[in-house]
Amino acid sequence: MVIPYQQLDSETLRNIIEAFVLREGTDYGHRDYTIDEKVDVVLRQLKRGDVVLTWDAELETCNLVSRRDLRRQPEHP
């Protein structure tokens, strides 16, 4: 299920994004980026609609997923 990020408290949203950028293994190139910079990148992606916040009720977890990858996932019954 997609959760509109605008419905979350800003601190909660930041904590979710921060947890995501700390666990993901994306290479940002030749330059090191701060956590704040990474959070800002993800927040901009959310605002553009390139990334969505999802909730998995079965696993009771939330995640950030690219809209493209979300379309590729099979629907859950």
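Which strand is Thr54 found in? Here are some friendly notes to read beside this predicted model.

1. Let's start with that residue. Thr54 lies in strand S2. With a relative accessible area of 13%, Thr54 counts as buried, because the cut-off for that word is under 20%. Leaving aside residues up to four places away in sequence, Thr54 touches Met1, Val2, Thr61, Cys62, Asn63, Val65 and Leu70.

2. Next, have a look at Leu53. Leaving out residues up to four places away in sequence, Leu53 touches Met1, Val2, Ile3, Leu8, Ile16, Leu46, Cys62, Asn63 and Leu64.

3. Leu53 also belongs to the largest nonpolar core, which has 11 residues. Its other members include Tyr5, Leu13, Ile17, Val39 and Val51. H1, H2 and strand S2 (51-56) are the elements that give two or more residues to this core, and H1 provides the largest share, four residues. As a general point, nonpolar side chains tend to be buried together in soluble globular proteins.

4. Now turn to the two helices. Helix H1 covers residues 10-23 and helix H2 covers residues 35-48; they pack at an angle of about 115 degrees, and their axes are 9 Å apart. H1 and H2 are therefore roughly perpendicular to each other. Their crossing is right-handed.

5. Which residues of H1 and H2 meet? On the H1 side they are Leu13, Arg14, Ile17, Glu18, Phe20, Val21 and Leu22; on the H2 side they are Ile35, Asp36, Lys38, Val39, Val42, Leu43 and Leu46. The residues of this contact divide into 10 nonpolar, four charged and no polar.

Key:
Residues are numbered from 1 along each chain as its sequence is written. This is a predicted model: local features need pLDDT of at least 70, side-chain atom pairs count only at pLDDT 80 or more; totals for chains, interfaces and linings use all residues. Side-chain values use heavy atoms; hydrogens and water are left out. Axes are lines fitted to C-alpha atoms, for helices over the stretch in contact, and angles run from 0 to 180 degrees between N-to-C directions. Angles under 35 degrees count as roughly parallel, over 145 as roughly antiparallel, 65 to 115 as roughly perpendicular and the rest as oblique. A crossing is left-handed if the near helix is turned anticlockwise from the far one by less than a right angle, and right-handed if clockwise. Contact means heavy atoms within 4.5 Å. Ala, Val, Leu, Ile, Met, Phe, Trp, Tyr, Cys and Pro count as nonpolar, Asp, Glu, Lys and Arg as charged, and the others, Gly among them, as polar. A nonpolar core is a set of buried Ala, Val, Leu, Ile, Met, Phe, Trp, Tyr and Cys residues joined through side-chain atoms within 4.5 Å. Buried means under 20% relative accessible area, exposed over 50%, partly exposed in between (1.4 Å probe, protein chains only).
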